[in-house]
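Subject: Structure handover and notes on the interface

Dear colleague,

I am passing on the structure we spoke about, and I would be glad if you kept it open beside this message while you read. My notes come after it.

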There are 2 protein chains.
Amino acid sequence: MTEEHFKDLKVNQKRLMEDIHHTCKWGTGEQWGEAATETGMSRLALSDADKQARDWFVETTQALGCKTTVDEMGNIFAIRPGLKNDKPPTYVGSHLDTQPTGGRYDGILGVTAGVEMLKVLADNWVETEYPVGVVNWTNEEGARFPMSMVSSGVWAGSIPLEKAHNLREVHPGTATQKSELERIGYLGTTPASYEAMPMAAHFELHIEQGPLLEMANKKIGVVTGVQAYKWLTVKVKGRDTHTGTTDLKSRADALLTASKMILHSHKLATAHGALASTGILNLKPGSTNTVPGDVTFSLDIRAKKDSTVAELKALVERNFPKIAAGEDIDSLNHGCTAGLPLSVSITEDFDSPAATFHSDCIHAVQQSALSVLGPNSNSLVMEMTSGAGHDSVYASKRCPTSMIFVPCREGVSHNPREFCEEVDCATGAQVLLESVVRFDRMRDERRVTWKQEPYTL
Amino acid sequence: MTEEHFKDLKVNQKRLMEDIHHTCKWGTGEQWGEAATETGMSRLALSDADKQARDWFVETTQALGCKTTVDEMGNIFAIRPGLKNDKPPTYVGSHLDTQPTGGRYDGILGVTAGVEMLKVLADNWVETEYPVGVVNWTNEEGARFPMSMVSSGVWAGSIPLEKAHNLREVHPGTATQKSELERIGYLGTTPASYEAMPMAAHFELHIEQGPLLEMANKKIGVVTGVQAYKWLTVKVKGRDTHTGTTDLKSRADALLTASKMILHSHKLATAHGALASTGILNLKPGSTNTVPGDVTFSLDIRAKKDSTVAELKALVERNFPKIAAGEDIDSLNHGCTAGLPLSVSITEDFDSPAATFHSDCIHAVQQSALSVLGPNSNSLVMEMTSGAGHDSVYASKRCPTSMIFVPCREGVSHNPREFCEEVDCATGAQVLLESVVRFDRMRDERRVTWKQEPYTL
């Protein structure tokens, strides 16, 4: 197939949107607008609604001539044969589960765009050189069973199967991931492993979940990697005292101290070109006239490089105890009354190292984006690092990988109001389709550089 | 009675402690030490436990020769006749209700010390010139029915009876203050009013609930007034965004902004010799990887003068919107990344103006403290302003008033570990007893200055 032939393979925008909205009738969430499609999603992993969406995925891909395989983690691999079926497929992958107050595009766009790709290939009687697949990864969100990207993690050999199987649903449930896989009929027998289900490549289309594309008026983000991050829990221990009877210098105010730490972490992030965010903060005892003696907060640190994240963590571990002890870090104490010393403990809950995507996949996406957006479309495409984790992080450990980002309104995601314009969904799906076909051709022409790399192709 | 006769009137420390611990078997809270008396208290106003403590108060004071009157708010007035019973009594007052996680001394010490006073007077066959009374005020804490000092407030004419009667218990209850008064048999028929139940004076013994006495090695605080305070609620509105995909300059981080406000309020308080405290902070949505878009926090501002509290409130109302808009107040933004503007709204929930106690009562307490603590005891006594509100605030609106503070361990109160040494309880009770007898004598000798003041005597 030559460059010109790509032009004949056209994603059907209307059909793609119909698939998105059709599947979103399972697990519909909060209504935010007037139109029937203006709702969020609440399709927790391995729920009845997730089963219905999975059943649709299996039936639809089988009807398009795919063979489907379910592995021990419930990951569903739909494979469309090519001319040379002794080699692994080139995959498109994403997830059908959502956050409890999620939207219609996070994950869902990636899977439905994969299905649309299969439809376009079928409509046009295209025979690819190698097989092409679409994978629906189980429980990417980690919302119900609290470990995100867990099933691509098992596939990649990074997370033990037993640990994933035994993961218990969040309070107050008692089900495990394995018991729920069994209950909805998606506990497969194929090993959840890159060896049992090898991939020649993994392409993922996703909404950006951030504001950069929209703010820069770009249409396609070519994702070159995923930033590193660590999640810390910080516990500040002071002393509960009466707000009216305790002068400022006799206080060990855990919230005032936590406020300084939050501000300091932001300044550290600014200085290092990184991100630091606190999304959870709990205090005790929680009364207007009691100075809180206990504050616990989350600290999410992200940067492009593992070394930057490690450096920030080290600075936090060095400086937070100083702030607790009353030292003046960043001149934050200027104008404050020195109080009593407090203590602080910091634990690391989660570590996600940086992922660097594969140059061939990045190249395929880049070329496809320029092809889809037309001549002189350089200004509509930007290379970027993903701020969020995705199944592509684990996929990239075992096969060449890249991602395609499309803009979402105001960068909002994990929210019922998450929204991606229809034309942007379709553009992203078109770039995805062309990336897969382009990669298939690169494989055939042996022009790909990854043949020297230790992937099973 | 002359100065020398005071020396014969001796508080019985053992008996006082027995009364404290005896009444604390109703509504016992969390155990914190090994001894049977090392527990907190959880005796919510108008609960069954409160009824038992009230029954004890009525029976005990009646057995000591008092006439008891219950008013429409359930305030119990126990009056011991004097020689001239056509004039109002000199009162001792405090409260038997506690916080849900309170201690054994807050309020309880004041009432039991009043009962001990009655016992000492009875033991010694003392006839006072004027009647002497002990009052147990209903629901000082405002923990179950959320308005503190509510029944002394009705007595003083500052809070309407109907509003107090209709006060509903905090979630998830449905009872009102009136329905519970009725249920436990303490809905009296005497109007809750300073006109129906006039007082010649109100003396209150209380633990300090702060660290100043302990830190300064003082034994008695002579309380000259109560500081003013306002309670504000601050709502910061930003935008929920993904922590990984939203760069710092595209954020409207409500928690980072709230942290700056909390730090700024502390600096304002420091600059004005006042107090500013945040005891409650709630945020939404509350997820490690979401920048919070909504933060609500309490701000408790206190100072000796009403004008200082008003000035601090005005500064908060002027500067918090500037902080939300991104202006650099206090150089807090130095080293920060400027984000998107946020909005803030501030409401005032509660206002308690400063109270100034009466010079005659203060004088009576001062003289009694020096008498009790012995020659050269000036160094053991300090004049102080109460940081917390007390029923004496409302009492002082309608009669000469003062308070006596005794040290409590580490200044801890509203906590099961609240603790006051036995000897300090007894010293405080002795000063209370002498203050009342001294004031009675001052009334008799017409040496009191308040006869010219608009109190009904």
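Below I go through the contact between the chains, then the symmetry, and lastly a single residue.

Please keep in mind from the start that this is a predicted model, and that the values below were computed from it.

The place to begin is the contact between the two chains, to which chain A contributes 59 residues and chain B likewise contributes 59 residues. Between them, chain A and chain B bury about 5,000 Å², and 60% of that area lies on carbon and sulfur atoms. On the side of chain A, the residues that lose the most area to chain B are Thr245(A), His266(A) and Thr288(A), which together make up 12% of what that side buries.

If you then look for particular interactions across the interface of chain A and chain B, you will find that the rule gives two salt bridges. A salt bridge joins the side chain of Arg239(A) to that of Glu410(B), with a distance of 3.7 Å from N to O. Polar contacts can be counted as well, and between chain A and chain B there are 22 residue pairs of this kind, with both residues at pLDDT 80 or more.

The elements of chain A that give two or more residues to the side touching chain B are helix H8 (212-215), helix H9 (254-271), strand S11 (275-277), strand S12 (281-284), strand S13 (290-291) and strand S14 (294-303). H9(A) gives the most, with ten residues. Sorted by class, the side of chain A that touches chain B holds 21 nonpolar, 28 polar and ten charged residues.

How are the two chains related to each other? Chain A is superposed on chain B by a rotation of 180° with 0.1 Å of shift along its axis, at an RMSD of 0.1 Å, and that is the relation of a two-fold axis. In chain A, the C-alpha nearest the axis belongs to Ser259(A), at 2.3 Å from it. Because 98% of the interface residues of chain A are also interface residues in chain B, the copies meet through the same surface.

Finally, I looked at Lys14(B), which sits in helix H2 (residues 13-23) of chain B. Is Lys14(B) buried or exposed? Its relative accessibility is 59%, so Lys14(B) counts as exposed, the cut-off for that class being over 50%. Although Lys14(B) and Glu38(B) are 24 residues apart along the chain, their C-alpha atoms are separated by 17 Å.

With best wishes

Key: Residues are numbered from 1 along each chain as its sequence is written. Chains are lettered from A and ligands numbered from 1 in the order in which they are written. This is a predicted model: local features need pLDDT of at least 70, side-chain atom pairs count only at pLDDT 80 or more; totals for chains, interfaces and linings use all residues. Side-chain values use heavy atoms; hydrogens and water are left out. Contact means heavy atoms within 4.5 Å. Buried area is the accessible area (1.4 Å probe) that two parts lose on being put together, summed over both. A salt bridge is a side-chain nitrogen of Lys or Arg within 4 Å of a carboxyl oxygen of Asp or Glu. A polar contact is a pair of N or O atoms within 3.5 Å; within protein, one must be able to donate a hydrogen and the other to accept it, and residues adjacent in sequence count only if both atoms are side-chain atoms. Helices (H or I, at least four residues) and strands (E, at least two) are DSSP runs, numbered from the N terminus. Ala, Val, Leu, Ile, Met, Phe, Trp, Tyr, Cys and Pro count as nonpolar, Asp, Glu, Lys and Arg as charged, and the others, Gly among them, as polar. Copies are superposed by least squares on the C-alpha atoms of residues with pLDDT of at least 70 in both. Buried means under 20% relative accessible area, exposed over 50%, partly exposed in between (1.4 Å probe, protein chains only).
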